[in-house]
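Subject: A structure for you to explore

Hi there,

Here is the structure I promised to pass on to you. Please have it open beside this email while you read.

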Amino acid sequence: RNPTEYLAELAETEEFKNNTIDTAWLDRLIAEKSVHVKYNETDMVFYGACLKAFLQIKAQKGEIIDGIKRGHLPLQSTWN
């Protein structure tokens with residue numbers, strides 16, 4: 001869950017607007033799971049794919065930089 005979306009949901013509650021909140025209020029909301037954020041399944045798949053690609057590139061970046069430091073150009077197969 002995106003923390004910003006969760007906080008926005010909390011800020012929309014009447015208790016928050018009336019400034020009648022305390023830690024017990026937050027504990028109750030968490031226990032009741034009364035604050036829900038709706039997710040778009042297509043967006044979740046897209047962001048998951050982006051994360052997977054980012055992590056793969058991050059892992060390969062070290063190998064490529066290490067090769068360049070040793071005077072080798074990265075091979076095309078490194079990017080596949």
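Below is what turned up in it, going from the overall fold to single residues.

Please keep in mind that this is a predicted model.

Let's begin with the whole chain. Of its 80 residues, 12% count as buried. The chain exposes about 7,000 Å², and carbon and sulfur atoms supply 59% of that area. If you take the contacts with a separation of 6 or more, 45% of them are between residues 24 or more positions apart.

Now for the inside. Which residues make up the largest nonpolar core? There are five: Y6, L10, W25, L29 and V35. Two helices, α1 (3–11) and α3 (23–32), each supply at least two residues of this core. Leaving aside residues up to four places away in sequence, L10 touches F16, W25, L26, L29 and V35.

A pair of aromatic rings is described by the distance of the centres and the angle of the planes. Searching the whole structure gives one such pair. It is formed by F46 and Y47, with ring centres 5.4 Å apart and planes at 65°. An angle over 60 degrees counts as edge-to-face, so that is the name for this pair. Is Y47 buried or exposed? Its relative accessibility is 55%, and the cut-off for exposed is over 50%, so Y47 counts as exposed.

Y47 also turns up in the lining of the largest pocket. About 160 Å³ of space lies in this pocket. Its lining consists of E5, K38, Y39, N40, D43, M44 and Y47. Helix α4 (residues 41–69) gives the most to that lining, with three residues.

One last stop is N19, in the loop between α2 (14–17) and α3. What is the value of phi at N19? Phi is near 55° there, which is a positive value in a residue other than glycine. With a relative accessible area of 65%, N19 is over the 50% cut-off and therefore exposed.

Best wishes

Note on methods:
Residues numbered from 1 in each chain as written. Predicted model: local features only at pLDDT ≥ 70, side-chain atom pairs only at ≥ 80, totals over all residues. Heavy atoms only, no water. Buried < 20%, exposed > 50% of the residue type's maximum accessible area, 1.4 Å probe, protein only. Contact = heavy atoms within 4.5 Å. Areas by Shrake-Rupley, 256 points an atom, 1.4 Å probe, with all protein chains shown as cover. Core = buried A, V, L, I, M, F, W, Y, C linked by side-chain atoms within 4.5 Å. Helix = DSSP H or I, 4+ residues; strand = E, 2+ residues; numbered from the N terminus. Phe/Tyr/Trp six-rings, centres within 6.5 Å; stacked < 30°, edge-to-face > 60°. 1 Å grid on protein atoms, 1.4 Å probe; cavity = no way out; pocket = protein on both sides within 12 Å on 5 of 7 lines; lining within 4 Å. Points joined across faces, edges and corners; volume = space filled by probe spheres on them.
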